[in-house]
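Me: Can you walk me through this one? I would like the fold first, then some side-chain details.

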Amino acid sequence: MTGPILFEITAADSHQQIILPVIRRLRARGIPVIVYSDCELLRTASDTEALAREGIPFVRMAATALPVPTREWEAAAHPFRKRIPLELDRVNPSLVVVLNDRNFPPIAYVEEARRRRIPTLLLQESLRKDLFQRPPARKLFGRWIRKVRFGIEEGLRSFGQGGCTCIAAWGETSREYFL
């Protein structure tokens with residue numbers, strides 16, 4: 001192993017609850033980990049106190065929440081798109097774990113790790129919402145326009161289509177879905 005296992009989270013409540021038991025086991029075996037919190041990029045607050053109490057090294061990518069997704073958000077998020085490769089250089093992870101592979105910021109970690117041939121793991125965060133949250137055509141068209149104009153591929157993929165090396169799924173029906 002060359003570096004720590006990097007966990008990327010965008011929801012301090014649910015994501016931390018999913019990864020903390022895993023991190024405790026890894027650390028008990030002497031495997032180094034680091035958590036990258038991108039919560040503020042999606043307008044929620046990182047729970048840095050919980051990570052600090054556990055003694056888990058973490059990086060909070062933004063100190064304050066970004067604006068609601070608009071052109072201003074795209075402009076505010078741009079520096080973070082450039083920062084993610086620099087952070088992977090600095091940390092040199094042996095594995096990148098994400099809990100969502102549908103949009104930015106997690107997909108930026110997956111794409112950069114793939115360029116570097118670092119394995120990636122999608123840890124299923126919840127029910128497969130894309131099965132029942134079908135956006136209307138107008139919303140999909142708007143997302144496609146954002147992809148063409150800004151290179152932002154938000155919500156155009158289904159869960160599991162981000163290109164992770166491995167997927168940890170909840171049960172047989174999820175396993176079949178991801179295959």
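Reply: Below we go through the fold, the sheet, the helices on it, and a few residues. Keep in mind that this is a predicted model.

Me: Fine. How many helices and strands are there in the protein?
Reply: The protein has six helices and six strands. Along the sequence they follow the pattern β-α-β-α-β-α-β-α-β-α-β-α.

Me: What share of the residues counts as buried?
Reply: Of the 179 residues, 45% count as buried.

Me: And the contacts, what percentage join residues at least 24 apart?
Reply: That is 70%, taken among contacts between residues at least 6 apart in sequence.

Me: Now the sheet. In what order do the strands come?
Reply: The order is E3-E2-E1-E4-E5-E6, in an open sheet of six strands with parallel pairing. Strand E3 (58-60) and strand E6 (166-168) stand at the edges; each has a single partner strand, so one side of each is left without a neighbour in the sheet.

Me: What does the twist average from one strand to the next?
Reply: The twist averages 20°.

Me: How many bridges are there between E1 and E4?
Reply: Four bridges, with the two strands paired in the parallel sense. In this pairing Ile5 stands opposite Leu95 in E4.

Me: And from E4 to E5, how many bridges?
Reply: Three bridges join E4 to E5, and these strands also run parallel. Here Val97 stands opposite Leu121 in E5.

Me: What about E2 and E3, how many bridges there?
Reply: Strand E2 (residues 33-37) pairs with E3 over three bridges, again in the parallel sense. Ser37 stands opposite Arg60 in E3.

Me: Next, helices. Which strands does H1 lie across?
Reply: Helix H1 (residues 12-28) lies across strand E1 (5-9), E2 and strand E5 (120-123). Relative to E1, helix H1 runs at about 170°.

Me: And which ones does H4 lie across?
Reply: Helix H4 (residues 106-115) lies across E1, E2, strand E4 (95-98) and E5. The angle of helix H4 to E4 is about 155°.

Me: What is Gln16 in contact with, leaving aside neighbours within four places in sequence?
Reply: Gln16 is in contact with Ile9, Ala11, Asp47, Ala50 and Leu51.

Me: Changing topic: aromatics. How many aromatic pairs does the structure hold?
Reply: One aromatic pair. The partners are Tyr36 and Tyr109, with ring centres 6.2 Å apart and planes at 65°, so the pair is edge-to-face.

Me: Where do Tyr36 and Tyr109 sit in the chain?
Reply: Tyr36 is in strand E2 and Tyr109 is in helix H4, so the pair links distant parts of the chain, 73 residues apart.

Me: Are they buried or exposed?
Reply: Tyr36 is buried at 0% relative accessibility. Tyr109 is buried too, at 1%.

Me: What lies over the face of Phe104?
Reply: Arg81 does, at 3.8 Å from the ring centre.

Me: Where does Cys164 lie?
Reply: Cys164 lies in the loop between helix H5 (137-150) and E6.

Me: What does Cys164 touch, not counting residues up to four places away in sequence?
Reply: Cys164 touches Val98, Asp101, Val110, Thr120, Leu121 and Leu122. The C-alpha atoms of Cys164 and Pro119 are separated by 7.5 Å, although these residues are 45 apart along the chain.

Note on methods:
Residues are numbered from 1 along each chain as its sequence is written. This is a predicted model: local features need pLDDT of at least 70, side-chain atom pairs count only at pLDDT 80 or more; totals for chains, interfaces and linings use all residues. Side-chain values use heavy atoms; hydrogens and water are left out. Two strands pair if DSSP finds at least two bridges between them. Axes are lines fitted to C-alpha atoms, for helices over the stretch in contact, and angles run from 0 to 180 degrees between N-to-C directions. Contact means heavy atoms within 4.5 Å. Rings of Phe, Tyr and Trp (its six-membered ring) pair if their centres lie within 6.5 Å; planes under 30 degrees apart count as stacked, over 60 as edge-to-face and the rest as tilted. Buried means under 20% relative accessible area, exposed over 50%, partly exposed in between (1.4 Å probe, protein chains only). A charge sits over a ring if NZ of Lys or CZ of Arg is within 6 Å of the ring centre and within 35 degrees of the ring normal.
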